[in-house]
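I opened this notebook to keep track of what I looked up, entry by entry.

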Amino acid sequence: MLKLRPRRLRLNENLRSMVRETNLSVKDLIYPIFVVAGENIREEIPSMPDCYHLSVDNAVELAKKIAALGIPAVEVFGLPEYKDEIGSSAWNMNSPVQKAVAAIKKAVPELVIVGDVCLCQYTTHGHCGKLCGNYVDNDETLKLLQKVAVSQAEAGADIVAPSDMMDGRISAIRDALDAKNFVNVSIMSYAVKYSSGYYAPFRDAADSAPQFGDRKQYQMDFANSREALKEVELDLAEGADIIMIKPALAYLDIVSKVREKINRPVAVYNVSGEYAMVKAAALNGWIDYKKIVTENLTAMKRAGADIIITYHAIDVAEWL
């Protein structure tokens with residue numbers, strides 16, 4: 001007779017739940033919001049079904065719903081009213097992101113607000129920094145990122161999340177925040193951000209596609225894993241409070257390696273391409289949407305993520 005029968009602990013849901021190693025919680029989630037100028041705007045993003053461009057008033061109403069569902073945080077992205085060579089609208093206090101951050105913080109003070117610190121959607125050329133010819137000037141870009149981070153902190157952001165992949169940006173942003181007495185504003189670093197085809201729907205949503213070339217001179221080569229650990233080590237040394245890996249699904253091996261190496265919180269971004277593929281398959285009746293989303297997000301947690309930024313957050317919160 002068999003003495004060892006692992007199936008004994010799989011016989012019913014109560015047994016399975018008692019020995020379950022990984023549990024998905026609404027408290028793990030951050031919901032991304034896209035804000036635009038104007039009033040009473042709610043326009044669906046074609047490549048991201050059930051995601052919307054929202055004016056500030058509607059973003060506030062959505063934030064109230066998100067908080068009521070128990071989701072602890074939102075990340076705010078925006079489409080500016082104007083673009084220029086250096087992306088100056090990114091630190092304009094009258095831009096949609098800064099106005100939305102301030103309005104959400106006033107209406108829902110308990111909600112954690114994350115500001116995306118980058119320049120691509122604010123520049124005429126669509127790259128994530130200041131250009132010198134066709135090259136993104138790393139050190140000159142740091143000065144601009146400092147302005148963006150400080151402006152978001154002034155608006156009320158609890159966390160700033162630099163996604164540009166410039167060298168030294170965490171140290172520069174920490175210095176700028178501390179100099180303005182924002183010592184309690186955290187930095188969630190996009191430490192491991194790969195140059196990925198999974199970003200395409202987001203670039204439509206944020207109107208942030210580069211006007212020439214690509215971003216491979218600053219975003220990571222998706223073939224590399226040891227380089228990811230080096231990027232994480234550098235950002236931790238510079239003062240990052242949370243480390244993010246982006247994208248998530250195709251990079252769970254990286255999430256696992258980072259989790260094994262560090263003792264600070266690890267976040268993943270379940271990006272627009274991952275979301276759009278699942279949504280498209282579900283809308284065509286090819287998959288069970290709830291089962292697939294739950295399985296995907298649980299896999300991210302199982303790999304080692306503490307925080308999941310996902311466009312599925314509202315659906316998951318309602319299920320949970």
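**Entry 1: partners of strand β1.** The model is a predicted one. I began with tyrosine 31 and found that its bridge partner in β4 is valine 74. I then looked up the two strands as a whole: β1 and β4 (residues 73-78) run parallel and are paired over six bridges.

Next I checked β3 (residues 48-55), which is parallel to β1 and joined to it by three bridges. There I noted histidine 53 of β3 as the bridge partner of phenylalanine 34. I also looked at β12 (residues 307-310), another parallel partner of β1, with two bridges between them. Isoleucine 30 is the residue I found opposite isoleucine 309 of β12.

**Entry 2: the two sides of β1.** Which residues of β1 point one way, and which the other? I listed Leu29, Tyr31, Ile33 and Val35 on one side, and Ile30, Pro32, Phe34 and Val36 on the other. I noted the general rule that side chains in a regular strand alternate between the two faces of the sheet. As for cover, I found eight of the eight residues of β1 (residues 29-36) buried.

**Entry 3: the nonpolar core.** How many residues does the largest nonpolar core have? I read off 110. Among those with the most contacts inside this core are Ile33, Ile66, Leu177 and Tyr269. Helix α4 (residues 138-155) contributes the most to the core, namely eight residues. I set beside this the general remark that nonpolar side chains tend to be buried together in soluble globular proteins.

I followed up isoleucine 66. Leaving out residues up to four places away in sequence, I found that isoleucine 66 touches Tyr31, Ile33, Ile71, Val74, Leu111 and Ile314. Tyr31 and Val74 were already in my notes as bridge partners.

**Entry 4: salt bridges.** I counted 14 salt bridges in the structure. I looked up some of them one at a time.

Lysine 301 and aspartate 28 form one, with their closest N and O atoms 3.1 Å apart. Lysine 301 is in helix α10 (residues 289-303) and aspartate 28 in the loop between α1 (13-18) and β1, so this pair ties together parts 273 residues apart in sequence. Is aspartate 28 buried or exposed? I have it as buried, because its relative accessibility is 9% and the cut-off for buried is under 20%.

Aspartate 306 and arginine 259 form another, at 2.6 Å from N to O. Aspartate 306 is in the loop between α10 and β12 and arginine 259 in helix α8 (residues 252-261), so parts 47 residues apart in sequence are tied together. I noted both residues as partly exposed: aspartate 306 has a relative accessibility of 34%, and arginine 259 has 25%.

Glutamate 140 and lysine 130 form a salt bridge with the closest N and O atoms 4.0 Å apart. Glutamate 140 belongs to helix α4, and lysine 130 to the loop between β5 (112-117) and β6 (131-132). I also wrote down a network of salt bridges that links Glu13, Arg16 and Arg20.

**Entry 5: aromatic rings.** I counted ten aromatic pairs. Phenylalanine 34 is in strand β1 and tyrosine 311 in the loop between β12 and α11 (313-319), 277 residues apart. Both are buried, phenylalanine 34 at 2% relative accessibility and tyrosine 311 at 4%.

Tyrosine 190 and tyrosine 269 form a tilted pair, 6.5 Å from centre to centre with 45° between the planes. Tyrosine 190 is in strand β9 (residues 186-193) and tyrosine 269 in strand β11 (residues 266-270). These two are buried as well, tyrosine 190 at 0% and tyrosine 269 at 1% relative accessible area.

**Entry 6: lysine 246.** Over which rings does the charged end of lysine 246 sit? I found this end over the ring of tyrosine 269, 4.7 Å from its centre, and over the ring of phenylalanine 202, 5.5 Å from its centre.

Conventions
Residues numbered from 1 in each chain as written. Predicted model: local features only at pLDDT ≥ 70, side-chain atom pairs only at ≥ 80, totals over all residues. Heavy atoms only, no water. Core = buried A, V, L, I, M, F, W, Y, C linked by side-chain atoms within 4.5 Å. Buried < 20%, exposed > 50% of the residue type's maximum accessible area, 1.4 Å probe, protein only. Helix = DSSP H or I, 4+ residues; strand = E, 2+ residues; numbered from the N terminus. Contact = heavy atoms within 4.5 Å. Pairing = 2+ DSSP bridges. Salt bridge = Lys/Arg side-chain N within 4 Å of Asp/Glu carboxyl O. Phe/Tyr/Trp six-rings, centres within 6.5 Å; stacked < 30°, edge-to-face > 60°. Lys NZ or Arg CZ within 6 Å of the ring centre and 35° of its normal.
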